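This report looks at charged side-chain pairs and at the strands that accompany them. Please keep the sequence and the model in view while reading.

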Amino acid sequence: MKLLNLKISALSILAFITASNYCLAQQGTVVVNQDKKITTLLEVKKEMNKNESDSDRYKIQIYSGNHRPSAEAAQREFNSNFADWKASIEYETPNFKIWAGNYRTRLEADRALKKIKSKFPNAFIFKPKK
């Protein structure tokens with residue numbers, strides 16, 4: 001009986017090894033057929049997303065006033081506290097304004113505003129008309 005069990009075990013192991021050599025599921029090739037214009041379209045989209053002056057984006061205004069040194073001081077304070085976002089001075093007669101960030105969605109701008117309000121309580125979100 002032991003000899004029969006030994007033969008069955010050996011035969012099972014041999015069958016398993018033989019079957020595993022023919023069952024390689026990770027082999028194969030993938031061919032992607034796509035229009036050549038898709039690559040061009042993706043490049044155009046990347047260029048459009050790089051455009052920082054796009055009027056469809058949200059910004060946060062942290063200062064508005066007609067005194068340039070105060071505006072520059074607010075910009076320096078913002079840059080020292082929030083290095084992640086770029087602040088710029090915009091001049092709209094007769095006021096200097098400090099605008100920060102360049103957010104694609106209102107949700108993204110709201111999250112940033114929540115952090116910025118701790119240092120600049122009068123900050124608000126807007127979409128530039130430029």
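## An enclosed strand

Strand S3 (residues 95–103) is largely enclosed by the rest of the structure, because eight of its nine residues are buried; here buried means under 20% relative accessible area, exposed means over 50%, and partly exposed lies in between, with a 1.4 Å probe and protein chains only. Strands (E, at least two residues) and helices (H or I, at least four) are DSSP runs, numbered from the N terminus.

The model is a predicted one, in which local features need pLDDT of at least 70 and side-chain atom pairs count only at pLDDT 80 or more, while totals for chains, interfaces and linings use all residues. Residues are numbered from 1 along each chain as its sequence is written, and side-chain values use heavy atoms, with hydrogens and water left out.

Side chains of opposite charge can pair when their charged atoms come close. A salt bridge is counted when a side-chain nitrogen of Lys or Arg lies within 4 Å of a carboxyl oxygen of Asp or Glu, and the structure holds three of them.

One of these links Lys 97 to Glu 92, with the closest N and O atoms 3.0 Å apart. Lys 97 is buried, having a relative accessible area of 16%, whereas Glu 92 is partly exposed at 31%.

## Salt bridges within helices

In helix H3 (residues 68–81), Arg 68 and Glu 72 lie four residues apart, about one turn of the helix, and they form a salt bridge whose closest N and O atoms are 3.0 Å apart. Arg 68 counts as partly exposed at 43% relative accessibility, and Glu 72 counts as partly exposed at 29%.

Helix H4 (residues 106–116) holds both Arg 106 and Asp 110, four residues apart, about one turn of the helix, and the side chains of these two residues meet in a salt bridge at 3.5 Å, N to O. Arg 106 is partly exposed at 42% relative accessibility, and Asp 110 is partly exposed with a relative accessible area of 33%.
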